[in-house]
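Here is a short report for a first look at this structure.

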Amino acid sequence: MKYRKLGRTNFEVGEIGYGAWGIGASQWLGGSDKESLAALRRAIELGLNFIDTALAYGNGHSEKLVAQVVRDAGRRIYVATKVPPKNLLWPAQPGIGIAEVFPYDYILRSTERSLKNLGVETIDLLQLHVWNPEWIGNDEWRRAFAELKSSGKVRAVGISINDHQPDSALEIIETGLIDTVQVIYNIFDQSPERNLFPLAIERGIGVIARVPLDEGSLTGMIDEKTHFPPGDFRNEYFKGDRRKQVREHVESLRRDLGAHANLPEIALRFCLSHPAVSTVIPGMRSLRNAEANCAVPDKGALPPETLAVLRRHAWDRNFYD
Ligand SMILES: NC(=O)c1ccc[n+]([C@@H]2O[C@H](COP(=O)([O-])OP(=O)(O)OC[C@H]3O[C@@H](n4cnc5c(N)ncnc54)[C@H](OP(=O)(O)O)[C@@H]3O)[C@@H](O)[C@H]2O)c1
């Protein structure tokens, strides 16, 4: 593992962090707690020290599994969690005011629940799980963040940016009131490079790159024959002819990279090749994937010629719709 500073915080976080949505087991199905715990423990043995969870992931289930592992990790593990929108609407919708989504008291109450689930007195990083730039001048989030920091209940604060809308975070970064942003960044969605990343570097904002494997597309394992368990969110994400679209894009990527290219490894190294990125957080419920991903930092950044090939594979679409 190699480590980077998480923006202006003093957290030295592993280049590979742990995306703990899947282990919440409410929207990603087909795994088991036993397997998830083993994968997370193995990742920590391999040097991983940053975990991204959320109260919404299994209504606290992911946070509780994380707590079990962190408790006996034997060394400092940084945990980030999130306040779910009160109206339970992902992503944030234009025109819906902050009073319905993140009122001051609600942010504080939600944080208390996360503190309890995580079994800690202080949360390292608290993120709002959606963000709408229309709330920029509003007092609710500003007062809540200030109160939580001054009472010692959170060390750092940030936002998780709406899917494929990196520029919606530019204004809140300019306020100087947040420490991190979490954003979709992968070979298909390279859009944060345009405006978000330069500003994050300039302002010392930590960048958490999420969905680095495009929910599985960039593992190269999804095609028309792929089935997900009933109720699994990927049935929606890869609905209709999307599995075919994914297969075609991935085949084209493989043609350009060469038959022996290790796609998940290249997808993670792509994210780590950008200096704005502090940590990349793949979901990895299996031991095999945890081991493979934690070995990626040792391979270093991708060479410029490979990055030039990947530039051609940006793919503008929104499968979360
Ligand atoms: N709005 C938000 O704030 C938001 C939204 C989405 C995600 N996130 C965060 O971002 C994290 C990452 O995104 P994600 O988990 O949705 O998707 P992802 O990381 O893009 O993809 C996860 C998938 O890739 C598989 N995988 C991982 N490493 C692999 C490897 N080396 N080889 C083959 N397959 C591999 C995983 O398998 P197994 O799990 O079976 O091992 C899983 O099926 C989440 O866990 C969550 O923390 C946040």
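## The shell around the ligand

The residues of the shell around the ligand divide into twelve nonpolar, ten polar and seven charged. The model is predicted. In total, 29 residues surround the ligand. The closest are Asp52, Ser160, Glu215, Asn289 and Asn293.

## Polar contacts and burial

Which atoms meet the oxygen atoms of the ligand? A polar side-chain atom of Asn289 lies 2.8 Å from a ligand oxygen. Asp214 uses its backbone: an N or O atom there is 3.3 Å from an oxygen atom of the ligand. In His129, a side-chain N or O atom lies 3.4 Å from a ligand oxygen. The protein buries 92% of the 910 Å² that the ligand exposes when taken alone.

## Strand β5

Strand β5 covers residues 78-83. Six of its six residues are buried, so the strand is largely enclosed by the rest of the structure. Both faces are covered. Tyr78, Ala80 and Lys82 are buried on one side. Val79, Thr81 and Val83 are buried on the other.

## Partners of β5

Strand β4 (residues 50-52) pairs with β5 in the parallel sense, over three bridges. Here Ile51 stands opposite Val79 of β5.

Lys82 stands opposite Gln127 in β6.

Methods. Residues numbered from 1 in each chain as written. Predicted model: local features only at pLDDT ≥ 70, side-chain atom pairs only at ≥ 80, totals over all residues. Heavy atoms only, no water. Near = heavy atom within 4 Å. Polar contact = N/O pair within 3.5 Å; in protein donor to acceptor, adjacent residues only side chain to side chain. Areas by Shrake-Rupley, 256 points an atom, 1.4 Å probe, with all protein chains shown as cover. Nonpolar A, V, L, I, M, F, W, Y, C, P; charged D, E, K, R; others polar. Buried < 20%, exposed > 50% of the residue type's maximum accessible area, 1.4 Å probe, protein only. Helix = DSSP H or I, 4+ residues; strand = E, 2+ residues; numbered from the N terminus. Pairing = 2+ DSSP bridges.
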